[in-house]
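Dear colleague,

Please find the structure handed over below. I would be grateful if you would look through it alongside the notes that come after.

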Amino acid sequence: MPSETKGIEHEPFLQYTDDPTTEDAKHDRQYLGMEDRRDRIVSHGVVFIITSLLWLIVLIATNSPSIDSTDERWSDGVGHRQNITSNAKLLTCGASRTPQEARAMGCKYDVLMNAFVPAPCYDEEFIEEYKDDASWAAFSDANMTQRLTTIEEIQDSGTYYTSFRDHVNHCAVMWKKQFWVLYEERRAVDTMSASPGHTDHCAQYLIDASESDGSEPTKVDVGYEGCWIKD
């Protein structure tokens with residue numbers, strides 16, 4: 001038994017020879033010669049195919065029409081780029097920007113956006129996700145000791161304060177909402193989700209967050225957002 005095991009251990013995994021005089025070596029040279037010719041044919045064919053594809057790509061690229069601001073598919077005809085508000089009607093909560101007029105026009109107070117918004121853009125799903133975070137709270141003072149306990153108190157306060165964490169939560173959930181508004185191509189889009197300015201604000205706030213100890217409050221002015229309705 002030990003001798004058999006020793007034989008298996010010393011047996012080469014691939015049998016080959018370097019002696020050019022053996023019959024096996026002659027056969028190997030004939031076989032390799034055929035392989036070399038076949039490899040050259042294959043390699044030339046691959047080069048030809050790749051070169052042809054590259055030239056095809058160049059021809060397509062140089063003959064494709066460019067997209068510019070005058071293309072009616074991408075422009076509104078006066079040089080403006082198409083966006084999610086193109087060909088949409090804007091609903092507002094009134095010109096006076098008061099809680100009374102906003103409510104009279106059917107607007108609801110959205111605690112995620114800290115603003116009144118027309119009913120079609122009131123998104124209960126994201127409001128609840130925002131409120132699920134333990135940081136959600138509004139206070140009448142900058143020291144955050146006097147909590148406003150009802151939506152009515154918040155929307156009629158004019159100004160209130162929230163925590164640093166709440167501000168971060170607001171930006172995070174608004175970005176989630178913004179994604180789904182765009183991804184699902186929703187018919188109703190609130191003006192905050194469509195605002196480059198608010199997006200820039202949240203981006204900068206989160207960048208600066210690493211330098212904060214998280215103790216400072218955020219002052220919030222009750223806002224009034226619009227709602228874009230696509231045809």
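The notes below cover the pocket, the cavity and a surface patch.

Please bear in mind that this is a predicted model.

Largest pocket. The largest pocket holds about 250 Å³ of space. It is lined by 17 residues, and those closest to its centre are M113, N114, H170, K219 and V220. By class, the lining of the largest pocket consists of eight polar, five nonpolar and four charged residues.

Cavity. The count of cavities of 30 Å³ or more comes to one. The space in the largest cavity is about 40 Å³. Its lining is formed by V111, N114, Y130, W136, A137, A138, I154, Y160, T162 and D166. Seven of the residues in this lining are nonpolar, two are polar and one is charged. N114 is listed both among the residues closest to the centre of the largest pocket and in the lining of the largest cavity.

Surface patch. F179, W180 and Y183 make a nonpolar surface patch of about 350 Å². Is Y183 buried or exposed? Y183 counts as exposed because its relative accessibility is 58%, and the cut-off for exposed is over 50%.

Note on methods. Residues are numbered from 1 along each chain as its sequence is written. This is a predicted model: local features need pLDDT of at least 70, side-chain atom pairs count only at pLDDT 80 or more; totals for chains, interfaces and linings use all residues. Side-chain values use heavy atoms; hydrogens and water are left out. Patches are made of residues with over 30% relative accessible area and no salt bridge: like charges are joined within 9 Å, nonpolar side chains (Val, Leu, Ile, Met, Phe, Trp, Tyr) within 5 Å. Accessible areas come from the Shrake-Rupley method with a 1.4 Å probe; for residues, only the protein chains shown count as cover. A salt bridge is a side-chain nitrogen of Lys or Arg within 4 Å of a carboxyl oxygen of Asp or Glu. Buried means under 20% relative accessible area, exposed over 50%, partly exposed in between (1.4 Å probe, protein chains only). On a 1 Å grid over the protein atoms alone, a cavity is a set of points where a 1.4 Å probe fits but cannot get out, and a pocket is an open set with protein on both sides within 12 Å along at least five of seven lines; lining residues have an atom within 4 Å of a point. Grid points are joined across faces, edges and corners, and a volume is the space filled by probe spheres set on the points. Ala, Val, Leu, Ile, Met, Phe, Trp, Tyr, Cys and Pro count as nonpolar, Asp, Glu, Lys and Arg as charged, and the others, Gly among them, as polar.
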